[in-house]
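Open the model in your viewer and get ready to select residues. We will go stop by stop.

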Amino acid sequence: MPKPEPLQISRFRSTDVPDQTGKTILITGANNGLGLQAATVLAGAGAAIVLACRNQNTGKAALAQVRAAAPNAEHHLVRIDLSDLASVRAAAAEALAAVPRIDVLINNAGLMAIPFAKTVDGFEMQIGTNHLGHFVLTDELLPALLAAPAARVVSLASIAHWPAKIKLDDLNFERRRYTKMGAYQQSKLANLLFSGELARRSEAAGTSITSIAAHPGVAATNLFDSMVPPIPGAVTMTHLGLRVVGNSEKEGALSQLYAATMPDANNDDYLGPTQLRGMRGPVRRSPRSKLARDRKLAADFWAKSVELTGATYGLLEPKSKSKR
């Protein structure tokens, strides 16, 4: 595997984010964690933010924080439940009614290592939320993305994808033993397969959409809270430990900020820390597993996602087909 090209800024910080005035950025899960960190920084850089959140109480608090960072831009809060495809489509319709153009879509929200559960539509909860919900959302928002001169779709992956395997005939763990981390790993591999295939389909269709994947390393966010035993002070101690071996919440958001804004972030890039096997460090172009680079698997998985959700991506039909 060739060594990745270095990035323009070797020690990227939030203060390096270019001016985003006039841009509209939609972020899922923008009510806390990495999503809120990114939303606040991008608003401060001049962007109008659409916060797509399931919890409207924390969403309203996040909206107030974003407005405080950038009172002159028009920001919006949209309710979305990524585990319910009807809610995803309703949220997309609400967003399209509010903003005619989306310059950046950050598919940030996600679940990690939870007990077995199913989505409203009957999918295993982690693949359903982390991938299939975002798969439908991206398709529904294509009109606004294509209205932008150079839109970006940023998909949040994870170093947890490395040991992952994906079973196209058993994505929902109906015939194999369910493990919390196994399902999470599968969903993060799914994010990388989606991002890569979207990059290729966008290029084949001749659009200006750039698809980039990013990972935060190991970041001290509430994503790990479901794995912490119910002992007083355990969550606080876990977050402190995560900061020691990994990145802070602010540092964890840097890879998606780079992917969303920097001019040298390219189609099909994968950005994130590379030190300590990707756990921490500055933003770099990152390696991905052999399965994550498998183009046939990505195409087959895309077809399976279309079959399961009904998302068509008709606006990304290749030019050769559109001329028939």
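Predicted model: local features only at pLDDT ≥ 70, side-chain atom pairs only at ≥ 80, totals over all residues.

Residues are numbered from 1 along each chain as its sequence is written, and side-chain values use heavy atoms, without hydrogens or water.

**Stop 1: strand β2.** Select residues 48-53, strand β2. Helices (H or I, at least four residues) and strands (E, at least two) are DSSP runs, numbered from the N terminus. Six of the six residues in β2 are buried (buried means under 20% relative accessible area, exposed over 50%, partly exposed in between; 1.4 Å probe, protein chains only). Ala 48, Val 50 and Ala 52 are on one side. Ile 49, Leu 51 and Cys 53 are on the other. In a regular strand, side chains alternate between the two faces of the sheet.

**Stop 2: the neighbours.** Strands pair if DSSP finds at least two bridges between them. Find Ile 27, opposite Leu 51. His 76 in β3 is the bridge partner of Val 50.

**Stop 3: two loops.** Select Ala 113, between β4 and α4. Its phi is near 50°, a positive value in a residue other than glycine. Ala 113 is buried, at 3% relative accessible area. Last, pick Arg 277, between β7 and β8. Phi of Arg 277 is near 60°, also positive. Arg 277 is exposed, at 80% relative accessibility.
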